[in-house]
Amino acid sequence: MLQIAVCGKPNVGKSSFFNSATASTVEMANYPFTTIDANKAVAHVIKDCPCKELEVTCNPHNSICIDGKRLLPIELIDVAGLVPGAHEGKGLGNKFLDDLMQAKVFIHVIDASGSTDIEGNPVDPGSHDPLEDIQFLEEEIVMWMYGILSRNWVRLIRKVGAEHLDISKVLFDQLSGTGITIEDIIEAKRNIEPDYNKWEEKDLIELTRNILRIAKPMMIIANKADLPTSAANIERIKEKYPYVIPTSAESEIALVRAAEAGLISYISGDDHFEILQADKLNPNQLKALEYIQTNILDKYGSTGVQKALNYGIFELLDRIVVYPVQDEHKYTDQKGNVLPDGFLVPNGATPRELAYIVHTDIGDKFMHAVDARRNMRVASDYELKDGDIISIVTRG
């Protein structure tokens with residue numbers, strides 16, 4: 001499963017975001033280091049399922065379908081709160097930076113209302129600038145990775161020259177275990193001094209920033225967006241950073257729990273909900289729902305939680321959803337299940353690559369593929385499109 005890391009300083013609503021996205025219940029308390037270990041749980045991204053368009057009833061196996069919406073699993077990692085100096089071991093330090101590196105995308109949850117200081121302690125709303133939080137977390141991650149990259153740097157450079165090694169391969173080996181590819185490093189090098197013998201500390205730090213921007217894209221979750229001091233801060237953040245999503249994790253939790261109780265009809269990501277049992281809601285609950293509709297859903301179009309997950313997978317990681325089947329006429333697997341599996345694959349992936357994602361044996365025996373919608377054979381190098389239903393034909 002693709003992994004997204006949820007990170008940030010303590011007390012910004014990070015665990016609330018995690019809970020609302022995964023329906024799990026990690027401890028939510030208002031003090032630093034509430035999350036002692038990196039919690040992992042399954043969340044979902046949402047796409048339209050082909051079942052409605054094709055007027056069939058699907059039987060999902062690796063995913064869920066609700067009213068024509070396909071929920072595809074991803075893994076969220078709730079990384080404990082980072083504080084300034086983490087790369088030097090302050091707080092719970094390097095352990096959490098190690099946890100971060102497991103993920104493909106970083107979700108940085110901030111307190112958009114400015115009601116927690118740089119270390120996560122409660123302060124008066126609006127008295128802290130959340131831009132400082134974004135800068136500090138970026139700097140911690142950069143300096144931590146720079147520390148790995150620059151370790152034994154003089155000896156490495158000598159080795160590169162003496163043994164005529166590829167500097168990109170040496171850097172790749174140095175960053176082993178971070179999930180960064182050699183292609184990421186080659187692209188990141190393009191914007192710095194080409195002669196590595198001339199690299200100074202500032203060049204290595206710039207290289208590190210480039211690598212992280214390419215290999216580990218980060219989006220800003222402007223949490224507590226409903227509070228009065230948040231709106232102006234969100235606009236300032238959007239002026240400086242490209243991926244900013246106003247969010248209210250507490251509102252999402254409230255709506256999900258009300259929906260689970262059968263009190264309202266609501267699907268994560270929607271811009272509205274429908275009250276089903278008004279007689280079972282007390283005046284305070286009705287008032288709270290009205291507040292969420294007015295201050296979050298009407299204002300921002302959603303609570304932001306599902307939007308963040310979808311954006312991370314479909315935009316930042318550029319994934320599409322493809323449905324492999326055995327019978328291209330009935331859209332079924334060998335057991336007769338209709339549209340049983342949806343796979344998140346890189347945009348531009350081919351049927352052969354899809355075959356290997358499904359199973360190594362299928363990839364090894366791949367012959368060709370059929371586009372089930374058009375009932376047409378496609379080449380092995382055909383670029384798959386979002387929502388494609390593909391029958392993979394194998395030898396034997």
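Which residues of α10 meet which residues of α11? In this predicted model, S251, A254 and L255 are the ones on the α10 side, and they meet L289, I292, I296 and L297 in α11. Sorted by class, the residues of this contact come out as 6 nonpolar, 1 polar and no charged. Helix α10 covers residues 249–260 and helix α11 covers residues 283–300; their axes come within 11 Å and cross at roughly 135°.

Next come α6 and α7. Helix α6 takes in residues 167–174 and helix α7 residues 182–189, and here the axes come within 9 Å, crossing at roughly 125°. With that angle, α6 and α7 are therefore oblique to each other too. As for handedness, α6 passes α7 in a right-handed crossing. On the α6 side the contact is built from I167, S168, K169, L171 and F172, while α7 brings in I182, I185, I186 and K189. The class count for α6 with α7 is 6 nonpolar, 1 polar and 2 charged residues.

Then there is the pair α4 and α8. Helix α4 runs over residues 130–149 and helix α8 over residues 201–215; the two pack at an angle of about 115°, and their axes lie 9 Å apart. The crossing of α4 past α8 is right-handed. From α4, the residues in the contact are E139, I141, V142, M143, M145, Y146 and L149, and they meet E201, L204, I205, L207, T208, R209, I211 and L212 in α8. Split by class, the contact of α4 with α8 holds 11 nonpolar, 1 polar and 3 charged residues.

Moving on to the strands, the model has an open sheet of 5 strands with mixed pairing, laid out in the order β11-β10-β14-β12-β13. At the edges sit β11 (343–346) and β13 (376–378), each of which pairs on one side only. From one strand to the next, the twist averages 45°. Strand β12 (residues 366–371) pairs with β13 in the antiparallel sense, over 3 bridges. For V370, the bridge partner in β13 is R377. Helix α13 (residues 351–358) packs on this sheet and touches β10 (319–325), β11, β12, β13 and β14 (389–394). The direction of α13 makes about 135° with that of β11.

How far can the model be trusted? The chain averages a pLDDT of 89, and 92% of the residues score at least 70. Confidence is highest in strand β7 (residues 244–246), at 98, and lowest in helix α3 (residues 93–100), where the mean is 63. Where pLDDT is low, the predicted coordinates should not be read in detail.

How values were computed
Residues are numbered from 1 along each chain as its sequence is written. This is a predicted model: local features need pLDDT of at least 70, side-chain atom pairs count only at pLDDT 80 or more; totals for chains, interfaces and linings use all residues. Side-chain values use heavy atoms; hydrogens and water are left out. Axes are lines fitted to C-alpha atoms, for helices over the stretch in contact, and angles run from 0 to 180 degrees between N-to-C directions. Helices (H or I, at least four residues) and strands (E, at least two) are DSSP runs, numbered from the N terminus. A crossing is left-handed if the near helix is turned anticlockwise from the far one by less than a right angle, and right-handed if clockwise. Contact means heavy atoms within 4.5 Å. Ala, Val, Leu, Ile, Met, Phe, Trp, Tyr, Cys and Pro count as nonpolar, Asp, Glu, Lys and Arg as charged, and the others, Gly among them, as polar. Two strands pair if DSSP finds at least two bridges between them. pLDDT is the predictor's confidence in each residue, from 0 to 100. Angles under 35 degrees count as roughly parallel, over 145 as roughly antiparallel, 65 to 115 as roughly perpendicular and the rest as oblique.
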